[in-house]
Structures are given as structure tokens and as C-alpha cells.
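I opened this notebook to keep track of what I looked up, entry by entry.

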Amino acid sequence: METLALYLVKSVAWLTGFALVYILFLRDERFFELNRLFLLSGILAALVFPFITVSYRVMLPAVSDSQAEIQIAGAVQNTTVSISKPDFHLVLLYLYLSGLLFVAFMIIKQGRSLLKVISKAGIDTSHPVKLVKTADYESAFSFFSYVFVNPSVTEIEMREIMNHEMVHIRQKHWFDLMLVQLLCVLQWFNPVIWIYIRLVRQNHEYIADKVALQRTSDPAIYRAALLNQIVGAPVISLVNSFNYSVNKKRFTMMKNIISSPYRKMKILFILPVFAIVFYAFAKPDYQYAQQKDNPGIQNSVAKTSDKKINGTVVEESGSPLPGASVIVMGTTLGASSDSKGKFSIINVPDESAIVVSFVGYKSKVIKANFVKDMTIAMVKDTISYLKSSVGVPPPPPPPPPPPVKIKDTNGGPPPLVVLDGAIKDIDVEAIDPETIASINVLKDKSATDKYGDKGKNGVIEITSKTKAATAEKKKVSAVEAAEQLSDQKANNDLFVVIEELPEFPGGGREALKSWISENLKYPGEAYNKKIMGSVNVGFLVTASGKIMDVQVINSVNPLLDAEAKRVISSMPDWIPGTQKGKPVPVQMKVQVEFKF
């Protein structure tokens, strides 16, 4: 859809540029053959040039390894979740295709109606062209090698009409009309294309008038015949009508006025259009500059300035993989594979290795080959998204503990009270038991070793539920941070481009945990049999965010496997992962833990 939309935008830009130059500078000029060539070039440019993309180099400042690690860490820690928006791509696609089919149907319908008229009226072969005399049309026109005229025309008018229509047929003006109608089918929504069709047909009539006036014995009779055909013109896309655009300007263009040949230079006004359109849709080619403060790198580049590697990044099936990141290990040199999966890197040091990465695929390290083009096949990878623990509803909470009673049988001073790590001068019995998570009592040496003389009368350590929950949260955060640090250390030799992984809508990992907890049902039979375990479920997040190919990676029990697969299959559409800003399919994995 995006490729088609980009093609249409480029095509509209090219056609609009040619139309503007023609209307502003060439429309009133009398070099009609050159104008025809210009208009035909505009049609071809709108059809072909959108496939051509010009690239320009953008040099990025070098980034040191330490800076790159900070940037990568920051990108991982500050990931934001965007809210999914309605996808109107399909609606727009269906609307565009409906218009395309309607316009194509109307053109085909007009062509069929002409063929029916030919078969009904018959063909007169006594003329140099195929003459069809029919009362279905009032005005004369040509269609490929056929000339349609009304039987009521006089012999004089017939001669002038034939002189005119013969020009259309011999110069094959129908070819221009076929091309512009093809472009009209593709750009039916663009008002410029309908203006362009009129310009093409109008110029055809100027050409035919010019040649016909040179062949006629009396120009006045030719003009009179043209006026006699002023009504009843058929509205058919693929024909050249004898009386098309009969107005004052058409008669003015028949005058034999000699103009300077230098006026043909106006056609060069199209050159700025080329520059503007190619630049507007040019694609940047990002390359990293070498660090100026590192003489080692400078010397390496100076010695290997002629070293270059070329290659193609493909999938396991052999299809090209566009947008893959190719980095020279240990440097900031790199490139991205183009639409055909090809890449090229210059100034590569000897004995270098390259790192190829693409979101959803395993990164690959390969030794650089300077002799021949490299072909790098990427293997799909499954990305673990989260571990979701889901269990049966917890049992009802135990009854609240009885009030804390501290009784001093000796009548001595009270023990030291420590609440959440801070010494408090409070009465223990005044503390609400509902707020207490745990109580620890220290006596004698254990109390004085920890609190000195303050603990000589004993110590009561109380931990509140709020403090306990905070400590548990910090413990979990520390474990997650350690896992992230371990992952980073395992890949500290790779310099990769950070890409966007797929995200569960509405809050990412936490939102997915909540969604699974609300929608997953512990199988009754598994509950009765006390069956527990962790089920790893793999699935594909497509470029449109759809969930497909849901499969159980490790089986625990058919009952738990089926429920885990069911709940993952019923997930809403995700926010798709992206590579170079373009949505791509990514293989993901979620661990669902069933426990009591």
C-alpha cells in the first residue's frame, strides 16, 4: 500500500510539472510537433520516472563506543508506547481501486460501442482508410484506422474531413491517446490528468489543421466544413474528433505566422522540474564520518581507502531483505541494504568483520570479503517479550493477628523499638496489627551487638507492610536490571542500530500482563489435578500488527498448552515493529506461567 501510494504521489508530481510548463510557456506556440513530443514525454515521465530514486550522501558524526553504549541503554530504558490509531489504509485502497475499475470500465465500454457500430454499419474500402458511414454520430472522428462520418455530409465536406482525419491516422495520434488514457486510469483522482488529456487532443487538432490546410484547395472551404461539424461531437476518450475544441483560438492557430526558432528554447523550462522532483523524492544515504581525534582510525582509513565490500542481504528463502543494518565491527562505518537487499561500504580496514542485523532476525557476524560480492542469509529469531505469571485466585486472607502485647515481668525499662529501620519512641501496643508485616525480637548480646547500649534492654524490630512491599519491588527491579545488563554484556562486541520492537497496545508489557490475567482461564481439570508449569508460546506480529502462526514452543500439559495458545491467539492487534521507520513482521515469544 505504501509503495503504491508513493508511486502515485511521484507520478502526480511529474505530470503536474509537465502540465504547468506547457500551459505557461508552450501552449500558444506554433511548433505543434515539438509540443506533441513534449506532452508525450510528460506521459512517459509520469509512468516511468516514479521508479527512479536518486540518493544523496549524508555524513553523520562519529560516535565512540562508550557513547554508543549510553545511547543504546537510553533507548532501551526510555521506550515509549504509542496508542494505536484506526487503520484507514484498506479503506483508501478499496476507494482507489473502485475509481480505477470504474474509469477502466467506461473506456472499455466506449470501445465496445464503436466496434458494434462498425459491425452494424459496415466498412467502405474505396478510400485510403477504413470509412464507416453511420447516422449514430453527427460529427466526424477517427478511431485507430477507422474514420466515422455521417451519411448526410456532402462530397466537399467529405474531402476536407478525410484530409484532416488522415493526418491523425498516419501520425498515429491514437498512440498518444492510449497512453494518456492508461495514465488516467492510474490517476483518475488527479484533476490535472483530465486537463492534460484535453491538452493532448487539442494539440492533435492543431497538427491536423496545419497539414490539412496545406493540402486543401481552398482554406475557406476547410474552415466552413469545420463549422458545419460544430454540433453533435461524440464524447469518446480514444477518438480524434474533427470538430474538437472549435473556438476562436483554434482558428487563430491556423494562421501561418512565422515565429523565431529560438522560441523553441522555452522547452528547457522543464529542466527545473526535473531538478525539483528528483530532489523532493531523493533518498538520503547515511554514512558515518571517521573520528578525527583517533589517529589509529585515520591511519587505518588512509591505508585502506581503496577497500570496498559489496553484498546482498536475503532471507532464508532467498528473497531480498531491504533496510538491514550492515556495520563494520569495531568502527562506525556502515550502510543499509536497499530495496533489492544490496549494500556497499567503502574504506573498510583489512581483516575486518561485518555485523548484519535486522529486527526479528538473528544478528550475524561475517568476515569481510573484498574479492567478490557477499550474500548474507538472515535467520529469523524469536524475541522473548515477557514472562507472565497467571494463577488461580488466591485463598481468603488469614484472620488478622492479635494485638501485640509486650509485658515486662521484671518491672524494668521498656525495650528499644525499631520501626522500618528507625528508632521510635512509641508504645508497641498502640501500633495497628493490620499494618505489621513482621516482628523480630533481639535479646542480650545480639541486641547490643547491633544497637550498642541502646539495645541492652532488648530490641523489638517491626517491619510495616508498606516497607515490605517497597523492598520487594526494589528486589524485582534489581533482578530485571541485572538481566538487562547481562544481555548488554553478552552483545558488547556488536554495534547495532536500535530498532522499534512490537508493542502490546495501551501500555506495553504491563498492559499485556493485565490483559492475560483478565482473559486467561485456568482449566478446571488441570486445577483439580494440581497441574502447574510455564508454557512458552511463539507467534508472529505482522507488519500490520496482526497475530499469526501461534504455536506452543515447549509443551507442559495439553490442557495448559491449549489455554495458553487460545489466549495468545485472541490478543488484539499490536503496534508493529519497525526497521528504518518501515513496519516489518517480527517473531515474538511470551511465557505464560500457571501456578497456585
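**Entry 1: the nonpolar patch**

I looked up where the nonpolar patch comes from, and its largest share, three residues, is from helix H1 (residues 2-26); helices here are DSSP runs of H or I with at least four residues, strands are runs of E with at least two, and both are numbered from the N terminus. I note that this is a predicted model, in which local features need pLDDT of at least 70 and side-chain atom pairs count only at pLDDT 80 or more, while totals for chains, interfaces and linings use all residues. Residues are numbered from 1 along each chain as its sequence is written, and side-chain values use heavy atoms, with hydrogens and water left out.

The patch on the surface is formed by Leu-20, Ile-23, Leu-24 and Ile-195, with about 380 Å² of accessible area together. Its members must have over 30% relative accessible area and no salt bridge, and nonpolar side chains (Val, Leu, Ile, Met, Phe, Trp, Tyr) are joined within 5 Å, like charges within 9 Å. A salt bridge is a side-chain nitrogen of Lys or Arg within 4 Å of a carboxyl oxygen of Asp or Glu, and areas come from the Shrake-Rupley method with a 1.4 Å probe, only the protein chains shown counting as cover for residues.

I found Ile-195 in helix H7 (residues 191-215). Ile-195 has a relative accessible area of 46%, so it is partly exposed, the class between buried (under 20%) and exposed (over 50%), with a 1.4 Å probe and protein chains only.

**Entry 2: the rings**

I then looked up aromatic pairs, of which the structure holds 27; rings of Phe, Tyr and Trp (its six-membered ring) pair if their centres lie within 6.5 Å, and planes under 30 degrees apart count as stacked, over 60 as edge-to-face and the rest as tilted. Phe-49 and Phe-274 make an edge-to-face pair, at 5.7 Å centre to centre and 75° between the planes. This pair links distant parts of the chain, 225 residues apart, with Phe-49 in the loop between helix H2 (32-48) and strand E1 (55-60) and Phe-274 in helix H10 (residues 270-280).

Phe-141 and Phe-148 are stacked instead, at 4.7 Å centre to centre and 10° between the planes. Phe-141 counts as buried because its relative accessibility is 0%, and Phe-148 is buried at 1%.

**Entry 3: two strands**

Strand E7 (residues 308-314) and E10 pair in the antiparallel sense over five bridges, where pairing needs at least two bridges found by DSSP. Thr-312 stands opposite Lys-342 in E10.
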